[in-house]
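Visitor: I am new to this structure and would like to learn how to read it. Please take me through it one feature at a time.

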Amino acid sequence: MELNANEVSSLLGLAEQEVRQRAHAGKLPHLDVQGRLRFNRQAILEWALRRDHPLNLGIGEMELAGLPPITELFAPDRFYYDVPGSTFAEVLRAALDAFVLPPEADKELIYDLLISREKLMTTAVGDGLAIPHLRVPVVVNMPRPALGIFFMRKPILMSALDGKPVHTLFLLLSLSPRQHLDLLARLAFLFRQAEFVNLLRDRAKPETILEWILRASPNGKNSKAV
């Protein structure tokens with residue numbers, strides 16, 4: 001998708017003149033089409049993510065929710081089996097097509113942001129697992145964080161440090177930096193448990209996986225959050 005300087009100005013929260021100056025100085029990815037500046041949205045998103053530059057996507061402040069209980073995050077309807085695709089981009093597209101999100105969610109924007117982030121650094125964490133993740137207060141008006149667990153039809157290569165292809169994708173959309181890190185930390189705890197990884201590799205039923213999580217969680221069966 002092509003953007004003009006005014007649209008990039010709005011997206012990056014910069015004055016239009018500054019956008020033009022950065023582009024002409026070679027500090028912002030752009031195309032010169034018959035003397036007119038044009039910008040590829042994917043390239044601009046990658047530029048912003050690489051520099052941790054804020055993205056202004058037109059969504060106002062929202063009240064942050066607390067962490068959902070385990071039974072909500074790992075409810076049966078959060079599990080998706082036999083997800084097609086031979087590359088990360090294809091699997092992500094199929095995953096987002098199946099993922100149940102609020103009606104106002106901009107899935108195309110979420111896709112673009114996740115693809116951009118994956119290009120910067122793989123989200124594969126080893127043992128056949130990956131966690132594409134995104135903070136979304138500026139992307140969609142979501143009242144709660146969302147987690148989807150996607151079992152792929154066939155493993156895909158995602159440049160994991162251990163070289164293993166990825167068989168299970170955890171797609172995480174959270175609402176605040178603290179919540180984001182907290183949820184990632186809890187998933188990391190689970191990923192260090194060989195029995196949990198084996199359940200995922202074997203594509204166990206959601207009820208079996210949740211039962212194991214409740215037993216293994218640091219807070220036991222009464223744990224409120226992952």
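Guide: Begin with pLDDT, which is the predictor's confidence in each residue, from 0 to 100. This is a predicted model: local features need pLDDT of at least 70, side-chain atom pairs count only at pLDDT 80 or more, and totals for chains, interfaces and linings use all residues. Residues are numbered from 1 along each chain as its sequence is written, and side-chain values use heavy atoms, with hydrogens and water left out.

Visitor: Over which residues does pLDDT stay under 50?

Guide: Where pLDDT is low, the predicted coordinates should not be read in detail. Here pLDDT stays under 50 over residues 58-65. A contact means heavy atoms within 4.5 Å, and for this stretch the model has 14 contacts beyond four places in sequence. Residues 220-226 also have a pLDDT below 50, with 19 contacts in the model beyond near neighbours in sequence. For the protein, the average pLDDT is 84, and 83% of the residues score at least 70.

Visitor: How many helices and strands are there in the protein?

Guide: Helices (H or I, at least four residues) and strands (E, at least two) are DSSP runs, numbered from the N terminus. The protein has 9 helices and 9 strands. Of the contacts with a separation of 6 or more, 67% join residues 24 or more positions apart.

Visitor: What percentage of the 226 residues count as buried?

Guide: Buried means under 20% relative accessible area, exposed over 50%, and partly exposed in between (1.4 Å probe, protein chains only). Of the 226 residues, 49% count as buried.

Visitor: How do I read two helices that pack together?

Guide: Two packed helices are described by the angle between their axes and the distance between the axes. Axes are lines fitted to C-alpha atoms, for helices over the stretch in contact, and angles run from 0 to 180 degrees between N-to-C directions. Angles under 35 degrees count as roughly parallel, over 145 as roughly antiparallel, 65 to 115 as roughly perpendicular and the rest as oblique. Take helix α1 (residues 5-12) and helix α2 (residues 16-24): their axes come within 8 Å and cross at roughly 105 degrees. That angle makes α1 roughly perpendicular to α2. On the α1 side the contact is made by Ala-5, Asn-6, Val-8 and Ser-9, and on the α2 side by Glu-16, Val-19 and Arg-20.

Visitor: Which classes of residue make up the contact of α1 with α2?

Guide: Ala, Val, Leu, Ile, Met, Phe, Trp, Tyr, Cys and Pro count as nonpolar, Asp, Glu, Lys and Arg as charged, and the others, Gly among them, as polar. The contact of α1 with α2 has 3 nonpolar, 2 polar and 2 charged residues.

Visitor: At what angle do α8 and α9 pack?

Guide: The angle is about 170 degrees, and the axes of α8 and α9 are 10 Å apart. The two helices are therefore roughly antiparallel to each other. Glu-195, Phe-196, Leu-199 and Leu-200 of α8 meet Thr-208, Ile-209, Trp-212, Ile-213 and Arg-215 of α9. By class, this contact of α8 with α9 has 6 nonpolar, 1 polar and 2 charged residues.

Visitor: How many salt bridges does the structure hold?

Guide: Side chains of opposite charge can pair when their charged atoms come close. A salt bridge is a side-chain nitrogen of Lys or Arg within 4 Å of a carboxyl oxygen of Asp or Glu. The structure holds 7 salt bridges. One of them joins Arg-22 and Glu-18 at 2.8 Å, N to O. Both residues lie in helix α2, 4 residues apart, about one turn of the helix. Arg-22 is partly exposed at 24% relative accessible area, and Glu-18 is partly exposed at 28%.

Visitor: Which parts of the chain does the pair of Arg-41 and Asp-112 link?

Guide: The side chains of Arg-41 and Asp-112 meet in a salt bridge of 2.3 Å, N to O. The pair links distant parts of the chain, with Arg-41 in helix α3 (residues 41-50) and Asp-112 in helix α6 (residues 107-120), 71 residues apart. Arg-41 is buried at 16% relative accessible area, and Asp-112 is buried at 9%.

Visitor: What is the value of phi at Asp-127?

Guide: Most residues other than glycine have a negative phi, and most peptide bonds are trans. Phi of Asp-127 is near 60 degrees, a positive value in a residue other than glycine. Asp-127 sits in the loop between β5 (124-126) and β6 (129-130). Arg-203 also has a positive phi, near 55 degrees, and is placed in the loop between α8 (194-201) and α9 (206-216).
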